[in-house]
Amino acid sequence: MGGTCDERKFSFYQAVKQHEPVQMLEDMRYMEIFHWEECSHQRTYTPSEALMYAIVHDHRAYAQYLVNEFSDGAFAMPGENVCCSHSSAPHLALAVHYNRKEIMALILQETSWSYMNRGECEHMDEGRTPLHMACELLHSDAVMLLLASGASPQAEDRDGMTPLDLILEQLRASKVNTRAKMLCLERLLMFKPELRFKMKSSLKNDPEYWSNVLGEETFNYLVGRTPGTLFLLAMQTILAQLPSREFFKSLDELPVPVFLKPL
């Protein structure tokens, strides 16, 4: 078999990037040599490692195949020379990072709530969940997908920061992308009836600033001065009743006008 290990590794990567047919990719993945381990042992790519490449390059058909055919094996921890995600849920974190919504939905359908709420990883100290990452990157659709699938809006990183805190921090730091930040905030609040977050004292200490940034109604709700708007309270109640596995189907079937639905 000709070519070096690095060349074959690059060939597989390029084939996934070019969205080659699934069967061709599987034939390549099953070849005996792709890259060297530390012990100089030659091996093939695992389904988990192949799924990482499929996510990076948005190869949805290959991602679907790997998840369907290999189930738990597709979500095993990949090798260090493939894993570039600072999370103990690396495939989901990578899909959030690249905003691969269709693949993200596929992963969420096949995994449990505990998978998406993992926050510890040997590669990082922050202890952030995929929902933290989605909020940090202002990927509002990812925020909605994660929340609808059972991600906890109350999860704290190792600094005690919730996803809501990360959005508020960004609103305080810059006026850039304010609409995207507010959209993420609105979606978080629909799934967060319990207002426990680290930056509440900051809001209370500077009411004039935060009222201008958030709007008076949202500010008063976050600091506990008033209940949420009737719309927010209604959406919190309705969304809490929808089954996570069929959330979007159930949302579509709600007998309310489309413009009132959160997607």
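Q: Among contacts between residues at least 6 apart in sequence, what percentage join residues at least 24 apart?
A: In this predicted model, 63% of such contacts join residues at least 24 apart.

Q: How many helices and strands does the protein have?
A: The protein has 16 helices and two strands. Of its 263 residues, 50% count as buried.

Q: How do I read the angle between helices H2 and H4?
A: Helix H2 covers residues 22–29 and helix H4 covers residues 60–70; their axes come within 10 Å and cross at roughly 60 degrees. H2 and H4 are therefore oblique to each other. Their crossing is right-handed.

Q: Which residues make the contact between H2 and H4?
A: H2 contributes Val 22, Leu 25, Glu 26 and Arg 29, while H4 contributes Ala 61, Tyr 62, Tyr 65, Leu 66 and Phe 70. Sorted by class, seven of these residues are nonpolar, none is polar and two are charged.

Q: Is His 132 buried or exposed?
A: A residue is buried when its relative accessible area is under 20%. His 132 has 0% relative accessibility, so His 132 counts as buried. This residue belongs to helix H8, residues 130–137.

Q: What is His 132 in contact with, leaving aside its neighbours within four places in sequence?
A: His 132 is in contact with Ala 155, Glu 156, Asp 157, Met 161, Thr 162, Pro 163 and Leu 166. For Ala 155, the backbone oxygen lies 3.3 Å from a polar atom of the His 132 side chain.

Technical notes: Residues numbered from 1 in each chain as written. Predicted model: local features only at pLDDT ≥ 70, side-chain atom pairs only at ≥ 80, totals over all residues. Heavy atoms only, no water. Axes fitted to C-alpha atoms, helices over the stretch in contact; angles between N-to-C directions. Helix = DSSP H or I, 4+ residues; strand = E, 2+ residues; numbered from the N terminus. Parallel < 35°, antiparallel > 145°, perpendicular 65-115°, else oblique. Left-handed = near helix turned anticlockwise from the far one by under 90°. Contact = heavy atoms within 4.5 Å. Nonpolar A, V, L, I, M, F, W, Y, C, P; charged D, E, K, R; others polar. Buried < 20%, exposed > 50% of the residue type's maximum accessible area, 1.4 Å probe, protein only. Polar contact = N/O pair within 3.5 Å; in protein donor to acceptor, adjacent residues only side chain to side chain.
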